[in-house]
Amino acid sequence: MADKIDMNQKWNWPLWIGFAVAIAGLFSYPLFAQYPLTRDFPWANLLLFAVGGILLGAGLVRAFGRPQLYHGKIFGSIFAVLALLAFGFFAHEIFYVHRQVPLSAQAPRVGENAPAFTLPDQNGKRVALADLLSPNGAILIFYRGHW
Amino acid sequence: MGFNYRFLSDENAEVIRRYDLLHPGAGPRHTDIARPAEFYIDSGGIVQWVNLTGNIAVRARPEEALRVIDALKQ
């Protein structure tokens, strides 16, 4: 029975690594958002949060289950709360804020005439929609950057 | 079939408003910008495809637009 107090406590690495991985799940979003595969659904970030959460959980089980062997009851709990807050913020942004788009009920619909316009191009030359339509029509993209 | 790109600037969001695509306060420092939107307009000026995403992070991919155009041309 290893019930003696061990003066050389072991490093409770899952707490540290798990916290680092979970925080990486938040801050790696600008990187993964550059690629449609990881932006359309942020599975890479969610995977990092999941791995971080599992490690943090394992570290807490160690810290509370065998406190004589592993540190981390207090800082592990703080890590877990911070990681949860990071995940909550991420989930709120991705699954709520990103979906708050206007109704655009008056936007042109299929079969309607596209409203005419004339706008300057990058050289300051004025271009009309009609100038762009022959002979094959045009894809009109309202691009706003990554916001 | 080649593609040409033209970049047009809608500095005062006039066309964005005309197309009902304004997303108030969603830009940097809460400026008004367009919601992401894509249209295919045929040579007669008729809208043939509209993509109004429900999630600003999810936008039409080039392959999707090409598929739409191919389907319409058949």
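Predicted model: local features only at pLDDT ≥ 70, side-chain atom pairs only at ≥ 80, totals over all residues.

Q: How many Å does helix H5 of chain A reach from its first C-alpha to its last?
A: Helix H5(A) covers residues 73–95, which is 23 residues. At 1.5 Å a residue the expected span is 33 Å, and the model comes close to that. The reach from the first C-alpha to the last is 32 Å.

Q: Which helices of chain A do the buried residues of H5(A) pack against?
A: The buried residues of H5(A) are Gly76(A), Phe79(A), Ala80(A), Ala83(A), Ala86(A), Phe90(A), Ala91(A) and Ile94(A). Their packing partners within chain A are H1 (13–27), H2 (29–32) and H4 (43–65).

Q: Is Lys73(A) buried, partly exposed or exposed?
A: Lys73(A) belongs to helix H5 of chain A. Beyond its neighbours within four places in sequence, Lys73(A) is in contact with Ala63(A), Phe64(A) and Pro67(A). Buried residues have under 20% relative accessible area and exposed ones over 50%. Because its relative accessibility is 40%, Lys73(A) counts as partly exposed.

Q: What separation do the C-alpha atoms of Lys73(A) and Ile139(A) have?
A: Lys73(A) and Ile139(A) are 66 residues apart along the chain.

Q: Are H1(A) and H4(A) roughly parallel or roughly antiparallel?
A: The axes of H1(A) and H4(A) come within 7 Å and cross at roughly 160°. Angles over 145 degrees fall in the antiparallel class, so H1(A) relative to H4(A) is roughly antiparallel.

Q: Is the crossing of H1(A) and H4(A) left-handed or right-handed, and how many charged residues does the contact have?
A: The crossing is left-handed. On the H1(A) side the contact includes Trp13(A), Leu15(A), Ile17(A) and Phe19(A), and on the H4(A) side it includes Leu48(A), Phe49(A), Leu55(A) and Arg62(A). By class, the contact has 15 nonpolar and five polar residues, and the number of charged residues is one.

Q: In what order do the elements of chain B run from the N terminus on?
A: The secondary structure of chain B comes to two helices and four strands. From the N terminus on, the order is α-β-β-β-β-α.

Q: What percentage of the residues of chain B count as buried?
A: The C-alpha atoms of chain B fill a box of roughly 45 × 25 × 20 Å along the principal axes. Among contacts in chain B with a separation of 6 or more, 13% come from residues 24 or more positions apart. Of the 74 residues of chain B, the buried share is 42%.

How values were computed: Residues numbered from 1 in each chain as written. Chains lettered and ligands numbered in written order. Heavy atoms only, no water. Expected span 1.5 Å × (residues − 1). Buried < 20%, exposed > 50% of the residue type's maximum accessible area, 1.4 Å probe, protein only. Contact = heavy atoms within 4.5 Å. Axes fitted to C-alpha atoms, helices over the stretch in contact; angles between N-to-C directions. Parallel < 35°, antiparallel > 145°, perpendicular 65-115°, else oblique. Left-handed = near helix turned anticlockwise from the far one by under 90°. Nonpolar A, V, L, I, M, F, W, Y, C, P; charged D, E, K, R; others polar.
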